[in-house]
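Colleague: I'm new to this one, so please walk me through it.

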Amino acid sequence: MAYRPSKKFKKTLLGSGAVLVLAALNAPAAVSFASEKYHAYKIAQPGYKKKYGSWGGISVPDGARINAIHAALLHTGKVLLIAGSGNNQKNFDAGTFDTVLWDPVKNTFKKIPTPEDFFCAGHSQLPDGRLLVAGGTARYEVLDGGVKKAGGGMRVKNESPDKAVTLKKGTVFRSPSGVEYVTTTDVTVPKAKREFEISYFKSGQMKPWKTKVTAAEARVFVEAVEEGPQALTTEAAQYEVVGLKGKQADNVYGLAQKLTTEKQDFQGIKAAYEFDPEAEKYIPVAPMKDARWYPTLVGLQDGRVLAVSGLNDVGDVVPGDNEIYDPATKKWSKGPFRYFPTYPSLFLTKGGKLLYTGSNAGYGPAEKGRAPGLWDLETNTFTKLPGLSDPDQLETSASLILPPAQDQKVMVLGGGGVGESAKSTARTAIVDVGSENPTFRDGPALPQGTRYLSSVLLPDDTVFTTGGSRDYRGRSGSDILKAQFYDPATNAFAEAADPTVGRNYHSEALLLPDGRVATFGSDPLFDDKDNTKLGTFEQRIEVFTPPYLHRAGADRPALGEGPQELDRNGRATFRTKDAGRIVKARLMRPSAVTHTTDVEQRSVELGLTKGGDGLTVTVDAPEDRTLVPPGWYMLFVTDEAGIPSEAKWVQVAGEETKETD
């Protein structure tokens with residue numbers, strides 16, 4: 001009897017055929033789907049995590065999501081995320097400035113009232129654990145073609161030696177031809193300087209007193225009241241201040257040479273605040289002398305802070321007028337004069353000199369202030385350091401002091417060309433600052449050319465690097481979803497688990513007290529490879545769990561009871577049941593990072609002594625404050641497998657004379 005398939009079999013066969021046909025038609029999609037499923041399976045395996053680590057997202061409530069431009073770890077264990085206006089003109093115009101305080105342990109978020117636009121400010125950890133925040137935004141840039149009214153810098157003169165003068169925002173200056181310009185911010189001009197001159201007749205008799213008055217000066221940005229070519233000028237002229245009468249009108253006037261409709265850059269502010277981690281609020285301190293946008297603030301060995309570079313109140317790079325903040329007086333004083341492009345990476349090295357690696361975040365001519373070198377603040381001399389490959393691609397590069405800080409080796413990673421250049425480099429380079437003739441030498445190359453690379457010191461003496469993009473601000477879909485570990489001992493990179501969130505311009509990463517790494521932000525120009533869809537700011541938080549935590553499980557070395565401050569000898573003793581397995585101890589300074597610039601983080605090797613009872617360990621820090629600047633540090637101990645404890649917070653006081661044993 002001939003076989004006749006049943007209707008059910010026919011339907012099954014037809015269905016299977018349809019699946020096969022669809023699979024054939026969609027082979028790439030099917031392969032991609034299968035590949036993604038396999039990858040998800042692979043990275044979830046314990047063996048994979050123990051070798052490469054893992055990533056996880058953080059749940060952020062809608063009301064707490066901000067454009068994180070700055071991130072700083074406080075000694076309370078919480079992370080301060082500062083947006084200011086968040087690179088958003090509408091927020092700036094509305095005076096809407098944001099700061100959020102994130103608790104990584106409880107995963108809670110607290111909105112902090114923000115008194116100024118700290119967008120693109122500078123910050124530094126202070127000895128008492130407060131965070132100094134200085135500078136920010138006074139005015140957003142206006143690009144070529146968008147400038148409707150002529151504008152530029154006005155030098156305001158005051159020839160009166162009797163009193164300073166304050167001109168409010170909206171003050172009008174009038175040119176000799178009658179064209180009027182209005183100020184965009186308040187400006188205060190100090191009183192003129194009066195000097196007395198004494199001279200003598202030939203007979204030796206004293207002549208009558210003479211006085212010499214030198215006019216005081218301040219800058220302010222002005223723009224024409226009306227649009228039109230009549231307001232354009234490149235000729236120097238004196239401008240009267242409308243509304244001033246009599247002698248004051250003679251004493252106070254403006255000088256300007258160039259008022260045009262060319263691109264107008266961002267402008268900085270002078271405001272400075274300390275953020276108090278205990279009160280969880282900003283506290284105003286004396287403002288800086290110069291307005292600064294994109295400044296670097298670097299802590300010195302005596303606890304003071306040097307503010308360097310930035311765009312000033314008329315949108316020019318500060319020409320070299322640096323200043324020093326004293327946390328004892330809450331005031332600023334004049335620092336050594338030296339020019340740098342904005343957000344220069346400056347590191348305190350042994351002996352007190354600052355190493356400028358050449359890393360910066362842009363703004364400034366390509367041929368000025370780009371060469372790396374050692375800066376002696378006492379003599380104000382700068383010694384250039386040779387040997388750096390791709391020296392024209394240091395903008396948006398990362399820099400850090402390799403662990404331990406005592407080795408005095410500093411690394412530069414990646415970077416790109418000046419401005420909106422498409423250039424990027426895979427170059428890394430290392431300089432031994434402690435050598436007789438410091439010279440950069442090439443390190444192992446990154447997997448590809450990388451701008452905006454985040455680089456974080458880990459307690460096992462390795463460096464974790466993640467993210468970045470090949471092109472300017474992630475243009476052309478160039479975000480790099482890769483991460484790797486650098487080991488200074490082997491001078492080699494090793495693969496790490498891939499992040500799932502792209503990070504480029506305005507992104508940050510920092511070490512948490514539990515040994516994980518948190519990443520924030522990213523501000524791409526476009527969200528697609530064809531550069532047709534405008535980018536959106538990345539507000540997700542992603543946290544990396546290093547392999548050492550997967551290997552450890554719940555079995556991590558732990559420090560018990562102990563002091564929160566090193567004694568006068570730089571020592572601290574802690575009780576611990578794990579004394580036998582602990583082999584290393586490190587003090588790790590908490591980060592304050594923005595624009596790939598983190599001059600705070602450093603890892604300091606500690607001496608380690610175990611108690612005779614096997615239940616205590618004593619750590620011993622270097623007394624040299626150029627190696628260990630005063631402030632709060634995370635104290636980690638590790639075992640032979642490189643598994644770290646959770647951090648204990650320990651304060652390092654200012655330098656004192658050690659007691660003799």
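Modeller: First, strands here are DSSP runs of E, at least two residues, numbered from the N terminus. The model is predicted, so to speak of local features we need pLDDT of at least 70, and 80 or more for side-chain atom pairs, while totals for chains, interfaces and linings use all residues. Numbering starts from 1 along each chain as its sequence is written, and side-chain values use heavy atoms, without hydrogens or water.

Colleague: OK, what's the volume of the second largest pocket?

Modeller: About 590 Å³, as the space filled by probe spheres set on grid points joined across faces, edges and corners. A pocket is an open set of points on a 1 Å grid over the protein atoms alone, where a 1.4 Å probe fits, with protein on both sides within 12 Å along at least five of seven lines; lining residues have an atom within 4 Å of a point.

Colleague: Which residues are closest to its centre?

Modeller: Thr188, Ala218, Lys270, Lys289 and Asp313, out of 21 lining residues.

Colleague: And which strand gives the most to that lining?

Modeller: S16, with four residues. Strand S13 (187-189) and strand S16 (216-224) each supply at least two.

Colleague: What about the largest pocket, how big is that?

Modeller: Its volume is about 860 Å³. The lining has 34 residues, and Glu141, Lys263, Phe266, Tyr363 and Tyr472 are the closest to the centre.

Colleague: New topic: what order do the strands of the open three-stranded sheet take?

Modeller: S41-S46-S45, with antiparallel pairing; two strands pair if DSSP finds at least two bridges between them. S41 (571-575) and S45 (607-610) are the edges, each pairing on one side only. S41 and S46 (616-620) share five bridges, and arginine 571 faces aspartate 620 in S46.
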